[in-house]
Amino acid sequence: MAKHREIKDLAGNPISGSRRKVIVGAAAGAVALAFGGPRAFAADPEKVLRIGFISPRSGPLAGFGQGDPYVLGLARKALANGLSLGGTTYKVEILDRDTQSDPSRASQLANDLINNHNVDLMLSTSTPEVTNPVADACEAAGVPSLSTTVPWESFYFGRGGKPGKPSPFKWSYVFCFGTNMFATTYLSTWGKLETNKRVAVMYPNDADGTAIREHLVPLLEKGGYTIVDPGPYQDGTTDYSTQIALFKRERCEIFNTAPIPPDFASFWRQAAQQGFARQVKIVEPAKTGIFPAQVNPLGPLAYNLSGAAYWHKVFPYKSTLTGVSGMQLADGYEASTGRQWEQQLGASMALLDAGFAALKASRDPKSKSTVREALAKLDTTTMVGRINFNTGPFPNVSITPLVGAQWIKAPAGSKFQFEAASGIQKRFGALSVLEDVNFGIRENEAVGIVGPNGAGKTTFLSILVGAHRPSAGTVTFMGKDVTTAPAAERCRGGLVRTHQIPRPFSNMTVFENVYVAAANSGSANREEAYERSLDALQLTGMMATANRRAEALGLLDRKRLELSRALATSPKVLLLDEIGGGLSDGEAAELVDIILELRRRGIAIAWIEHIVHLLLQVTDRLICMDAGTVIADGAPETVMADEAVIEAYLGGSA
C-alpha cells in the first residue's frame, strides 16, 4: 500500500492541505538562497557550533516568547544541512531555554549553557529580566553574547555602563530601540491630538522603569509635557487606587507606563472602574499591550491603545538566515499556529540573523575571541533593518527604529479581535502628502471625509485601493494585510472606488461599460456578470440609457455610470470621491437616495465630498483632514462644531 507523505511547514510542524499554499509560498527558495541546496554531511565533534537561545516563554513575560518555537523551527530547517564557513561545514545545534520570566533562572540557564554545553555564542531576548543576567554571565565567562528587545539604556546603564566612560563590557552586545526613540515616537504622535499635555506615568521599580524615568521623562518635559509621577511601584502591585486618584486630581489626559503585562491589565481595569479611563485621551503602554495575547483579554478596554512597534510584517526586509520576508514570516506563523502574528517574531528572527552573520564574519566560529571581534565590527541587514555596531552611541550598542502603532477593532469578517494599524504616510520626493493617517470602517458604516483642497483626501483613497503605495504604514482589509496587493486584487476582494472625474470607455455603450466591470471582478461568470450589470443600472436609474454610447452622456449620467461600474463589482466597501460635485440640488437628492439604498444593502461607504449637507444625510461618522493629517473624527455634528475644522475647512471661526 502506498504511503501518504506527511506535509510539514517551515518550522517542521505537520500541516493540513488547506494551509499548504501559504506555507509553500513562504518556503520557496528560502533555504537554497541562504545556504545552497541539500547535501549530506558528517560533522566531527570539533565541527559542531552550539548556540544558546534564551527567552521567556512562560510566566508574566510569556507574550514575548510565544512565537519563538516557530522562529527557531525556521532557523533549524535552514541549518539542517549545516553552515559552511571557509571551506568547513559545521553542524549547528540551537539550545533554546525558557526563563519562566525569572531573572535568577535566566542566570542559571546561561551558566548551564556556558559550563555544561560549551556554547559558542549566546543569544537572548525580551526585557532586561532576561537579557541582563544572561549578558552578565557571558561577561564573567568570556562568551560572546548578543541581545535584543530591551531598551539599550536598560541593558547598558542598567548593568553598570556610565555616560562618558569607556564601555565596561567586552563580550556582550545589544541591538534595540532606546528611550530617545520612544520620545521621538511619542512626541510625533501625541501632538496630533489636542490634549492638556499632562502625562500620568507609572514606571516600576526595575531596570526598565529606572532607565525610562531617567532618560525618557526629561525628553518629554523638553517637548512641552508636564509629567505627573507618583514614584516607583513594585511589580505585582494589585491596588492602584492611590495612583489613579492622583492622576484624576491632576487632570491627566495622557497615560504612559512600562509594566509587566499582568500589572497593566490590573491597573487599566481599575482605571476604567474608577473613571480615569474616561478622562484620558491617549494610553501609551510600553513592554505590554504590544502583543495580541496581551490586549485580547482586555476586550473593549483595549480599543485604541497606542504603542511603539519595533517590527511590523510590512517592513521591507528579509531574513538573511532563512530567506523569508516579513509577510511570509507572519502568514506562516498564523497558518501554523492559528494565532495572530506579533512583532516579536521579527525581532527574534533578526537576533538569529545577526548572530549567524557574526559567525560567518569571524575567522573561526569556534574561537570565542574572533566571534567577539566580529560582533564588535558587525554591520548587517536583518529582519528589523540594519544593525551596525560601528556607529554607537556606545561600542556595544546598535540602535534600531520604532514606529507608532495603535490597536483598533478588527473589521467584520476578521478572525482576530483587533488589528494593529500603523499610520499611513505618503511622500512624493520632498513633499509630504499624508502623515500618520489612521482610518477604520465597520460593516455597513457610512463615513464622510471632508477637508480643504490639498488635504490629501484623494491620495488617501488611492492608497486604500492600491493605486498608490504608502511610504509607510499598513492597509488591512477583511483581516488581511493588503498594503502591497495590486488594485485589481483589492477590487476583486470588494474594496472599490469611484473617481472625481468619470472615465468611461467613450466608444462603448453604457451597458458595455458596466458589463466590463462586472466580468472582470473575478468571481462572476458571464451570466452573473450580465445580471449584476442590469441590477447596477436599475439601481442607479440608468436602464433607459443602457444602449447609449458613453460619450453622449451628460455630467449626471456620467457620474451615475461611474457608480454603476463600481456597483457591478459587488463591493463590500465603496469609496466615493466627490461624486456629488457639479450636480444640481435635485440631482444631488437623487444621488443621496441611491447611496441610502446601498447602505440598506449592507455596503460600507466612505465618501469624500465638499457638499457637506449631502454627507450629513447619509453618514454616521465624519472625518476632517487638513495638510495630510486627520484633525477630527467623530459624530458629524461634533466634528462640524470643532474649532480646528471650522478654521481649516470652513475658512475661519464661526
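**Contacts and packing**

Reply: Take contacts between residues at least 6 apart in sequence: in this protein, 70% of them join residues at least 24 apart. The model is predicted.

Me: How many helices and strands are there in the protein?
Reply: Both kinds of element are present in the protein. The count is 24 helices and 26 strands.

Me: What share of the residues is buried?
Reply: Buried here means under 20% relative accessible area. The protein has 654 residues. The buried share of them is 56%.

Me: Which residues is Leu352 in contact with, leaving aside neighbours within four places in sequence?
Reply: Contact means heavy atoms within 4.5 Å. With those neighbours set aside, the partners of Leu352 are Phe53, Val71, Leu72, Ala75, Ile94, Leu123 and Leu321.

Me: Is H7 parallel or oblique to H8?
Reply: The axes of H7 (residues 179-190) and H8 (residues 207-222) come within 9 Å. They cross at roughly 40°. Angles under 35 degrees would count as roughly parallel, and 65 to 115 as roughly perpendicular. Therefore H7 is, relative to H8, oblique.

Me: Is the crossing of H7 and H8 left-handed or right-handed, and what classes of residue make the contact?
Reply: H7 brings Thr179, Asn180, Phe182, Ala183, Tyr186, Leu187 and Trp190, and H8 brings Ala211, Ile212, His215, Leu216, Leu219 and Leu220. The crossing is right-handed. By class, the contact residues are 10 nonpolar, three polar and no charged.

Me: At what angle do the axes of H4 and H5 cross?
Reply: H4 covers residues 103-116 and H5 covers residues 128-141. Their axes come within 8 Å. The crossing is right-handed. The angle is roughly 35°.

Me: How many charged residues are in the contact of H4 with H5?
Reply: On the H4 side are Pro103, Ala106, Ser107, Ala110, Asn111 and Ile114. They meet Glu129, Val130, Pro133, Val134, Ala137, Cys138 and Ala141 of H5. The contact has 10 nonpolar and two polar residues. The charged count is one.

Notes: Residues are numbered from 1 along each chain as its sequence is written. This is a predicted model: local features need pLDDT of at least 70, side-chain atom pairs count only at pLDDT 80 or more; totals for chains, interfaces and linings use all residues. Side-chain values use heavy atoms; hydrogens and water are left out. Axes are lines fitted to C-alpha atoms, for helices over the stretch in contact, and angles run from 0 to 180 degrees between N-to-C directions. Helices (H or I, at least four residues) and strands (E, at least two) are DSSP runs, numbered from the N terminus. Angles under 35 degrees count as roughly parallel, over 145 as roughly antiparallel, 65 to 115 as roughly perpendicular and the rest as oblique. A crossing is left-handed if the near helix is turned anticlockwise from the far one by less than a right angle, and right-handed if clockwise. Ala, Val, Leu, Ile, Met, Phe, Trp, Tyr, Cys and Pro count as nonpolar, Asp, Glu, Lys and Arg as charged, and the others, Gly among them, as polar. Buried means under 20% relative accessible area, exposed over 50%, partly exposed in between (1.4 Å probe, protein chains only).
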